[in-house]
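Please read the report below alongside the sequence and the structure.

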Protein chains: 2
Amino acid sequence: MVKKFVYGTPFETEAVVKEIPSSEGNPDYGTFSTENGFSFTTKLADDDMVFGLGEANRGINKRGFLYISDCADDPNHVESKTSLYAAHNFIIISGKTHVGFFFDYPGTLRFDIGYTTSDTMTVSCENADLYVYMITGDSDLDIVKQFRGIIGRSYIAPKFAFGYGQSRWGYKTEDDFRTVVKKYRENHVPLDMVYMDIDYMQDYKDFTVNEERFPDFEGFVQDMKKEKIHLVPIIDAGVKVEEGYDIYEEGCEKGYFCRREDGSYFEATVWPGWTHFPDVLNADARKWFGDKYDVLVSKGIDAFWNDMNEPSIFYSQEGLADFKETAKKYAEGDPEVPHYMVGGKLQALANNHEDYKRFYHNVNGEQVRHDKVHNLFGYNMTRSAGEAFERISPDKRILMFSRSSYIGMHRYGGIWTGDNCSWWSHILLNLKMMPSLNMCGFLYTGADLGGFGANTTRDLLLRWLALGVFTPLMRNHAALGTREQEPYQFEHIEDFRNVIGVRYRLVPYLYSEYMKAALNDDMYFKPLAFVYPDDKLARNTEDQLMIGNEIMIAPVYTQNAIGRYVYLPEEMMFVKFLGNGNMFQEVLPKGIHYVEVALNEVPLFIRKGCAIPVADFAESVPDIKEESIRMVGYEGASYERYTDDGVSRI
Amino acid sequence: MVKKFVYGTPFETEAVVKEIPSSEGNPDYGTFSTENGFSFTTKLADDDMVFGLGEANRGINKRGFLYISDCADDPNHVESKTSLYAAHNFIIISGKTHVGFFFDYPGTLRFDIGYTTSDTMTVSCENADLYVYMITGDSDLDIVKQFRGIIGRSYIAPKFAFGYGQSRWGYKTEDDFRTVVKKYRENHVPLDMVYMDIDYMQDYKDFTVNEERFPDFEGFVQDMKKEKIHLVPIIDAGVKVEEGYDIYEEGCEKGYFCRREDGSYFEATVWPGWTHFPDVLNADARKWFGDKYDVLVSKGIDAFWNDMNEPSIFYSQEGLADFKETAKKYAEGDPEVPHYMVGGKLQALANNHEDYKRFYHNVNGEQVRHDKVHNLFGYNMTRSAGEAFERISPDKRILMFSRSSYIGMHRYGGIWTGDNCSWWSHILLNLKMMPSLNMCGFLYTGADLGGFGANTTRDLLLRWLALGVFTPLMRNHAALGTREQEPYQFEHIEDFRNVIGVRYRLVPYLYSEYMKAALNDDMYFKPLAFVYPDDKLARNTEDQLMIGNEIMIAPVYTQNAIGRYVYLPEEMMFVKFLGNGNMFQEVLPKGIHYVEVALNEVPLFIRKGCAIPVADFAESVPDIKEESIRMVGYEGASYERYTDDGVSRI
């Protein structure tokens, strides 16, 4: 049962697509207040768990911390960070009863979930202008399904996107990319995608390709296609201010960029230098910007990632002027301006909330200050492309995912979880975010395997890949200046071939489960708590996940560990894809176990009475041989398989 | 068997106190090279583990990462950090054979332990001037004991230091401190120490007390003594440059500060503003500086912590001049100086290695550039006080610990592990560092419980305290600007009373085990690998520790967890100190278990056939009633107890 409550004059985010009549008064749960902004407060019982929040820090159970929905380009994802790149304002309070809330509010929203006081949750925001959806149901999963039902069907990526991709900020030339592909192919490590970070562009200008580095881009794209490789260029939010650059000139002419209060276009520095932001909250501008993706689609590109769309700001004209003034005073010896004030001003330049108050969107003719709708930018940038693809490429699915997002964007693309680090703790954070993202509609998701920032190690990468085998988006990505982390940079490449190869052996199953989740508003990854709600230990297990109805995963996420503890809430078959390509299978009873898993192995657990289709090793998704598929699991079990051709039982 | 090898002309660090004749040639293990500096390279077998390095990042088994001994004031202890505050250059390679190495080198030393290539370890430094001690033995523990035998007996803290202490950067006035004590006492939460961070001083001048904030300091110290509270003032490395300040004037007059090459005193900014560093590597200066501690000892103080002694530098005169020049050019619009260069220069000001090349120590009349002996500064600052206490207070032990350290300092004081954060991962890092520190001689150790940086949560603090119950140094400490984390800031103070109370119930046992470890060159905390070397799972268990010969600890370190997995390498008695003050006891068989532990409980495991003395709850160490002690554990077991009066069997 979904009820909708209206507070003040909400901004229409279009996160919810189903028409729901408004209810009078407040939800009959906790306390709602519209004094001093909006707040919802409720007591939490000792055993209550709180789920949701999608891309957020900490555990699957969100209790005991503070989360602030305020899309932020902040790459230092330490445990104390309260905001990441996304705003996914859906939560479930799960205990004796089950209730879900979606706070449809596009500005900054605080979730104090037992942080200030252990037994109290408070959700609050500055302006009491929002929709609150309250969902009651029989179970946590029931609530998720109802929620997913009102926000619309999740994006479905093309099949090749279920292969594995290599990325690195630092590949510049056609030759760099060809080398990556060559090394993968000659080492027989599977690969379907190579990502093109910002250096493929001409001066970081959206929808351009550097002609010196790519003298025949279309030919290059075709060559890669022959190698069964899809190139995935990045698109950034900011449009370079440069006379003669068509996107810039058109946008100015049509009035499609975000403006200051005085009507001038807002200027912020991002990778290209000074940029304007396309006003993706303006339907006309959104259409215009989205259509630009055709510049690359028409060159054979069928995959994109959208970045810097919080939007990230290095500094604005206003911020820079302020800094210059401070630097000048310091240089002149002003005693009121010590050196650390210069540093403070400099640090405050990037992603400063003051800047978000300096520009406006034109929404149906009304000027809306950016900070009030800040969390919708990435969503609408991706929506612009998603809507355009329906026009440009109606018959072919295009791969697309975004860094920043809001619920609603799940209909247009996936997300990756942004700039993580080569830290072991980020393997576990990756795992924990996955089911929360599914609750909020985001199914095509994954983290930068091996870690984006900091230097990786061989063992970290292998262990992370063994989790990545199961995430719909499986991408190895690293930052400029960090240790190179393509598999061929390390000794014993056969270990990488094997671990990544397991992904390809599982694509028939994983793709089917993805389609099932998308088409049935279901979750691809579920917490154990959703599947075994009456099993106390299962309910509290946060380092294992269920996929579909058949398997449980329990990756190793500790350096130098020879294996890990795993809890089986029921009898399961432990399957280990071994380093030599064989499979180890053993039925384990319900209970706690310690399973040994070597660095070159991938473990999974098949639920009692179930079986899954497993193919032979292949080097690309189109190379996976249907006829090689055999069932692995319990004798006599069948499986309902979703393919692009329909549903069959095997 | 300890062998000593001499390379070049080593600096005499005095880490090793036992006379050992030098052996010819190289150790017969791995490859030693003195071309392009010094390096030692050896292959590691798949199952080899590497232990040691004391205060270092990552696991107990140090394989798979890079560690750089280069004492650094860097509070961001993320997983990718290679240097912390200490330099403890002792390692053990443990596999089919056991071998230990101590690289007695006071400059920057790199340990690449399977980081670049998984099966290769390389230890290297710039100058081939060092002692290498190679230790062979029957077991890892045997090697540790031999090593401890050559570096001299570990510091023994006074008994009150085995109580619990409260600290916070931000307590300023006598009233602030009295309030802390009052709230502890009226809530009946045990307390023996209150720490005085930098604000007790007059303008951050060492060995001064702000007279406005403490009009009668001696009276205040006496009042606290009556409350059974020991005040623990901080002493910083830098001496404020201020005319009329006696320490400054004396130091200048006697030539006891570090000098530039031109003979002028080196100036660096730290908390007091411009400071000089006392030349603690000069024996005369060390004696002079150490004697200054008597200024506070004579006022009744019997406890100190030494800080900022890497030494930490905010900026030097030279660094500031360089920054000013850059800021000036930027303000003037120099096109060669973009704004981020100003930022880069600013960031590079603090703890810049260039500064460590700008000053010199006078060692027996010879000028030694600081960077060559950088890792000895904290050691010798603490040694200055330790040697002075032998003169000032020969009959009474004084509590002292330091932030920066080198092996050798363990004879004079303990260490705390520096500026950690309120992160759950730092509970585990705390645990993992403890046995490594013991290997290197540091027994009186602990971390900032609840976390120094970032905002704590009630559950984090409780779980961390439940580990802190077992660390010799048990201190709650937090940074200025973070959430207040004294127990009385949170609901249900009885839970804190109980958890901290368990420490006091265990003091008879823990103090005895500390004395045993110190007097017998043994480890207080041992990795399971040292006790059960033939048990593969025990050998690979890094989140449990052995204490003495009687107990194993397995703290909970995960938010929202209801308990944890624990591996028992043999039958043990699971003892849980419950929230109501009672004890739960259950014998568990060898094997893996999941034990439930509530937030207000403290778990431990008693080894088969053992028992430990447990006293009744007390609010301070002197209040612990001998007559309340009873044996807990296996029926009929006895225990060899060390007290200040000697050894007895109970």
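Is Arg403(B) buried or exposed? In this predicted model, Arg403(B) is buried, with a relative accessible area of 1%.

## Salt bridges around Arg403

Arg403(B) forms a salt bridge with Glu310(B), and the closest N and O atoms are 2.7 Å apart. This pair links distant parts of the chain: Arg403(B) sits in the loop between strand 23 (399–402) and strand 24 (405–406) of chain B, Glu310(B) lies in the loop between strand 19 and strand 20 of chain B, and the two are 93 residues apart. Glu310(B) is also buried, at a relative accessible area of 0%.

In chain A, Arg403(A) forms a salt bridge with Asp307(A), with 3.2 Å between the closest N and O atoms. Here too distant parts of the chain are linked, as Arg403(A) is in the loop between strand 23 (399–402) and strand 24 (405–406) of chain A, while Asp307(A) is in strand 19 of chain A, 96 residues apart. Arg403(A) counts as buried at 1% relative accessibility, and Asp307(A) counts as buried at 8%. Salt bridges that share partners join Asp73(A), Asp307(A), Glu310(A), Arg403(A) and Asp419(A) into one network.

Glu318(B) forms a salt bridge with Arg260(B), the closest N and O atoms being 2.8 Å apart. Glu318(B) belongs to helix 7 (residues 317–331) of chain B, and Arg260(B) to the loop between helix 4 (246–254) and strand 17 (268–270) of chain B; the pair links distant parts of the chain, 58 residues apart. Glu318(B) counts as partly exposed at 24% relative accessibility, because that value is not under the 20% that defines buried. Arg260(B) is buried, with a relative accessible area of 16%. Over all chains, the count comes to 82 salt bridges.

## Backbone geometry

Most residues other than glycine have a negative phi, and most peptide bonds are trans. The peptide bond from Glu310(A) to Pro311(A) is cis, with omega near -10°. Pro311(A) is in the loop between strand 19 (303–307) and strand 20 (315–316) of chain A. In chain B, the peptide bond from Glu310(B) to Pro311(B) is cis, with omega near -5°, and Pro311(B) is in the loop between strand 19 (303–307) and strand 20 (315–316) of that chain.

Which residues have a positive phi without being glycine? One of them is Asn364(A), with phi near 50°, in the loop between strand 21 (360–363) and strand 22 (366–369) of chain A. Asn364(A) is exposed, with a relative accessible area of 78%. Another is Asn560(A), with phi of about 65°, in the loop between strand 31 (551–553) and strand 32 (563–568) of chain A. Asn560(A) counts as partly exposed at 23% relative accessibility.

## A negative surface patch

Glu243(A), Asp246(A), Glu249(A) and Glu253(A) gather in a patch of negative charge on the surface. Asp246(A) lies in helix 4 (residues 246–254) of chain A and is partly exposed, with a relative accessible area of 45%.

## Annotated spans of chain A

An unreviewed UniProt entry annotates residues 156–512 of chain A as "domain: Glycoside hydrolase family 31 TIM barrel". This span is 38% helix and 15% strand, and its end C-alpha atoms lie 11 Å apart.

The UniProt annotation "domain: Glycosyl hydrolase family 31 C-terminal", from an unreviewed entry, covers residues 524–611 of chain A. Over these residues the chain is 9% helix and 45% strand, with the end C-alpha atoms 17 Å apart.

How values were computed: Residues are numbered from 1 along each chain as its sequence is written. Chains are lettered from A and ligands numbered from 1 in the order in which they are written. This is a predicted model: local features need pLDDT of at least 70, side-chain atom pairs count only at pLDDT 80 or more; totals for chains, interfaces and linings use all residues. Side-chain values use heavy atoms; hydrogens and water are left out. Patches are made of residues with over 30% relative accessible area and no salt bridge: like charges are joined within 9 Å, nonpolar side chains (Val, Leu, Ile, Met, Phe, Trp, Tyr) within 5 Å. Accessible areas come from the Shrake-Rupley method with a 1.4 Å probe; for residues, only the protein chains shown count as cover. A salt bridge is a side-chain nitrogen of Lys or Arg within 4 Å of a carboxyl oxygen of Asp or Glu. Lys and Arg count as positive and Asp and Glu as negative; His and the chain ends are not counted. The place of a charge is taken as NZ of Lys, CZ of Arg, CG of Asp or CD of Glu. Helices (H or I, at least four residues) and strands (E, at least two) are DSSP runs, numbered from the N terminus. Buried means under 20% relative accessible area, exposed over 50%, partly exposed in between (1.4 Å probe, protein chains only). UniProt positions are given in the numbering used here, feature names are shortened, and annotations may be inferred rather than shown by experiment.
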